[in-house]
Amino acid sequence: MDFDYAHYMLTDGKKGKENPVGSSPSREAYRKQLAETFNMNRTRILAFKNKPPTPVEAIPNEFSSATHQVKSAKPRRHIPQTSERTLDAPDLVDDYYLNLLDWAAAIFFPLLLDTHVKWAPDGRHIAVGLNNSEVQLWDSTANRLLRTLRGGHSSRVGALDWNNHILTTGGMDGQIINNDVRVRAHIVETYQGHHQEVCGLKWSASGQQLASGGNDNLLHIWDRSMASSNAPTQWLHRLEEHTAAVKALAWCPFQGNLLASGGGGGDRCIKFWNTHTGACLNSVDTGSQVCALLWNKNERELLSSHGFTQNQLTLWKYPSMVKIAELTGHTSRVLFMAQSPDGCTVASAAGDETLRFWNVFGTPEVATKAAAKTSSEPFAHLNRIR
Amino acid sequence: MASKTATKDIITLRGSAAIVSEFFGYAANSILYNRGVYPEESFARVKKYGLPMLLTQDEGVKSFISNLTSQLSEWLEAGKLQRVVLVIMSKATGEVLERWNFSIETDSEVVEKGVHGQRLCSPFTWIESDPKLIANPQMVKLHSFDTKIHKVDTLVSYKNDEWDEE
């Protein structure tokens, strides 16, 4: 709001009209000059009248529903660590041009960075999902890029999971692709069903079923037996009970065909599914956004990680879903959890840029003894890595 | 003071305006490619600033951007440009999803005094607009650069997304 201008219009402008006799020509001229200046000094917001060409929709329309929306862009978050640079007073044009490259690189590079990484079952290879829709395969021992998978997705790859030599990728385009990383023509199967970004992907232990969750609040179960070679594969189950994005997915290690899924901020529930029949066995409101789920391999327990407000990890007894412990410490939502090979320690990573370790699952022996105690102390304590 | 003026003469106002408006062209292309606004196949790789940059090959988008940059160059020379905003909106709902804000500070000493007589924009290609702000945005400040005549600061704001890391 330009108050000066507004004031002028409300007062001086009026004065001029009320006392035309009293104003001299020079005063008029002055007022005119003032008006011109005010107009010139007012900041105007202008929009280019010609509109740019409309882009063609990247997501197939056949799966659209009443809630279908085309999100044309999704944000990436990365702040470059290099300090801000300004060009020093250039005595030489050459010096100036070199600095030009620096700032250009600094501005454009952050747009190309990625965050989604997944270790292969062999413990040696790493898959990296990039912002530009490509997927890189790295050899961690030789420290080199083995290959880049291209041509599958049309936008960023935000979810990955391995099934032996198959790397399954989920994209912002809603597509899920099975890539056989051993062969040149790596795309062996496509699952179409999500109409918004795929944010969760998990293969069952047997490698027979895949669970996928999307920003469209859908949970799909895909079965390898339904594979089609000449058309996108149809889902086995489409589960629509969640009312927010489904990112957290975990298959039960001690009961076949049992899947746990967690919903985002508008849902906050952990739901349990029989993936054979598609039936929902149980639903528990946790009170906050469920970011990740992890089953205890040693005991019948489930660990969930959350966001606002507590950013806690909650340990539940299964199947009673009684809360055993709540582990706090993270200062922002706990997006990732992983367990140690012996299944006793859990590492959690949050947006607060810390990695914490929790001896939450204990050893089979210790866990039994702890259960016998009536203490309500949480199991946590932890190393903190920044 | 005299040497400072001499230094600035090297990078003339016109040169600075050309550099900055060219930057906007590449920035716009980069944003359109990386944010997936137009299909990847419609972009071609070129070398610029020592980097592989992507430029649209679509004639419609090309002419839109080049009209934009030549207009920006004019305004930059006149010292009249305070900011350039590139807005990405949902085609279906008209909702603003992402907002790239380039703020410009111009060295007023260097701007020629002949501004008032200069032809400004043709009234037929530009219309008054609202700022197209995003409610409760997340913001990321990127690097700034300075040609000593024009200083450009970049800030991108976007809608809070469920799974964005804080």
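In chain A, strands E10, E11, E12 and E13 line up in that order as an open, antiparallel sheet (strands, E, are DSSP runs of at least two residues, helices, H or I, runs of at least four, both numbered from the N terminus; two strands pair if DSSP finds at least two bridges between them). The edges belong to E10 (198-203) and E13 of chain A; each has a single partner strand, so one side of each is left without a neighbour in the sheet.

Strands (E) are DSSP runs of at least two residues and helices (H or I) runs of at least four, both numbered from the N terminus; two strands pair if DSSP finds at least two bridges between them. The edges go to E10 (198-203) and E13 of chain A, each with a single partner strand, so one side of each is left without a neighbour in the sheet. E12(A) and E13(A) are joined in the antiparallel sense by three bridges, and Leu219(A) faces Leu239(A) of E13(A).

The model is a predicted one: local features need pLDDT of at least 70, side-chain atom pairs count only at pLDDT 80 or more, and totals for chains, interfaces and linings use all residues. Residues are numbered from 1 along each chain as its sequence is written, chains are lettered from A and ligands numbered from 1 in the order in which they are written, and side-chain values use heavy atoms, leaving out hydrogens and water.

A second open sheet in chain A runs E18-E19-E20-E21, and its pairing is antiparallel. Here E18 (290-295) and E21 of chain A are the edge strands; each has a single partner strand, so one side of each lacks a neighbour in the sheet. Five bridges hold E18(A) and E19 (residues 301-306) of chain A together in the antiparallel sense. Val290(A) has His306(A) in E19(A) as its bridge partner.

Next come the aromatic rings. Over all chains, the structure holds twelve aromatic pairs. Rings of Phe, Tyr and Trp (its six-membered ring) pair if their centres lie within 6.5 Å; planes under 30 degrees apart count as stacked, over 60 as edge-to-face and the rest as tilted. Trp222(A) and Trp235(A) have ring centres 6.4 Å apart and planes at 85°, so this pair is edge-to-face. Trp222(A) belongs to strand E12 (residues 219-223) of chain A, while Trp235(A), 13 residues apart from it, sits in the loop between E12 and strand E13 (237-239). Both Trp222(A) and Trp235(A) are buried (buried means under 20% relative accessible area, exposed over 50%, partly exposed in between, with a 1.4 Å probe and protein chains only). Trp235(A) also has the charged end of Arg238(A) over its ring, 4.2 Å from the centre; a charge sits over a ring if NZ of Lys or CZ of Arg is within 6 Å of the ring centre and within 35 degrees of the ring normal.

Another cluster of rings, linked by ring pairs, is made up of Phe254(A), Phe272(A), Trp295(A) and Tyr318(A). Phe254(A) is partly exposed at 25% relative accessible area, whereas Tyr318(A), at 11%, counts as buried.

Charged side chains pair up too. Eleven salt bridges are found over all chains, a salt bridge being a side-chain nitrogen of Lys or Arg within 4 Å of a carboxyl oxygen of Asp or Glu. One of them joins Arg150(A) to Glu134(A), with the closest N and O atoms 2.8 Å apart. This pair links distant parts of the chain, 16 residues apart: Arg150(A) is in the loop between strands E5 (144-149) and E6 (157-163) of chain A, Glu134(A) in the loop between strands E3 (125-129) and E4 (135-139). Arg150(A) counts as exposed at 51% relative accessibility, but Glu134(A) counts as buried at 14%.

In chain B, Lys48(B) and Glu22(B) meet in a salt bridge of 3.0 Å, N to O. Lys48(B) lies in strand E1 (residues 43-48) and Glu22(B) in helix H2 (residues 13-34) of chain B, so the pair ties together parts 26 residues apart in sequence. Lys48(B) is buried, with a relative accessible area of 16%, while Glu22(B) is partly exposed at 33%. Asp130(B) and Lys132(B) form a salt bridge as well, their closest N and O atoms being 3.0 Å apart. Asp130(B) is partly exposed at 40% relative accessible area, and Lys132(B) counts as partly exposed at 27%.
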